[in-house]
Amino acid sequence: MSTLSPRARSWIDALQLEAHPRGGWFREAWQSAEPLPVEALPGRFPEGRTFGASWHFVCTEDAPRRFHRRRSDALWLWQGGNPLTLHLLDEDGGYAKRVLGPNVAQGERLQVHVPHGTWCAAETAVPGSDALVSLLCVPACADSDVEEAGLDAMLGLYPAHESLLRRLS
C-alpha cells in the first residue's frame, strides 16, 4: 500500500478495510438481519438472502475495481474524495459511463444504480486520485452472486470496447 495517498490510507485504516481480490479496499458495513427465503426471490438466486447489505469501498488509480456482475441490483453512493467513473456493459452490448462525485451541476451523480446482470468496473476519474464510495445491494449479495469477467469472453461479447476491457478485466 505504499502508493496510497494519506487520505486513502486514513479511510482504509479508520474503516478497517481489506484489499479486495477484484481491486480496491472494502468492508461490509451493514447486513440486514431479516431473511428472505429463496421462494421470495427471483429464480436467479439459488438460496435465500437477507433484505440487503452495504459495503464501504476505496478505489485508487493503482487499484481500480475490475469488471464483474451481480445477481443483485447495486446502488453505488459517493462518500468522499475525487469522482469515480463507473463503466457499465449491459447484456445487449450497450455501454454507459456514469461518474459518481459531488459536482452534480457538472453531471456527476451522488448515486448510480447498476441493475443485476450488468457488467461494471470502476476507476478514478482524476489521474492519481482516490474515491470513497458505499455500495448497497438488494437483496444482499453473497460471494457466489458475483461473477468476475474473463478477458477473452468479454472481448467476444464486447469487441468495440477492447481497450477498456484490457485495462479493467
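## How strands are counted

Before we look at the sheet, two rules. Helices (H or I, at least four residues) and strands (E, at least two) are DSSP runs, numbered from the N terminus. Two strands count as paired if DSSP finds at least two bridges between them.

This is a predicted model, where local features need pLDDT of at least 70 and side-chain atom pairs count only at pLDDT 80 or more, while totals for chains, interfaces and linings use all residues. Residues are numbered from 1 along each chain as its sequence is written, and side-chain values use heavy atoms, with hydrogens and water left out.

## The sheet

Five strands make an open sheet with antiparallel pairing, and their order is β9-β8-β11-β6-β13. At the edges you'll find β9 (95–100) and β13 (146–148), each pairing on one side only. From one strand to the next, the twist averages 30 degrees (axes are lines fitted to C-alpha atoms, for helices over the stretch in contact, and angles run from 0 to 180 degrees between N-to-C directions).

Now zoom in on β8 (residues 84–89): it pairs with β9 in the antiparallel sense over six bridges. Here Thr85 stands opposite Val99 in β9.

## The cysteines

A disulfide is a covalent bond between the sulfur atoms of two cysteines. The cut-off here is a pair of cysteine sulfur atoms within 2.5 Å, and by that rule the count is zero.

Cys120 is in no disulfide, and the nearest cysteine sulfur, that of Cys137, is 10 Å away. Cys120 is also buried (under 20% relative accessible area; exposed is over 50%, partly exposed in between, with a 1.4 Å probe and protein chains only), with a relative accessible area of 1%.

What about Cys137, buried or exposed? Cys137 is buried, at 0%. Its sulfur is 4.7 Å from the closest cysteine sulfur, in Cys141, which is too far for a bond.
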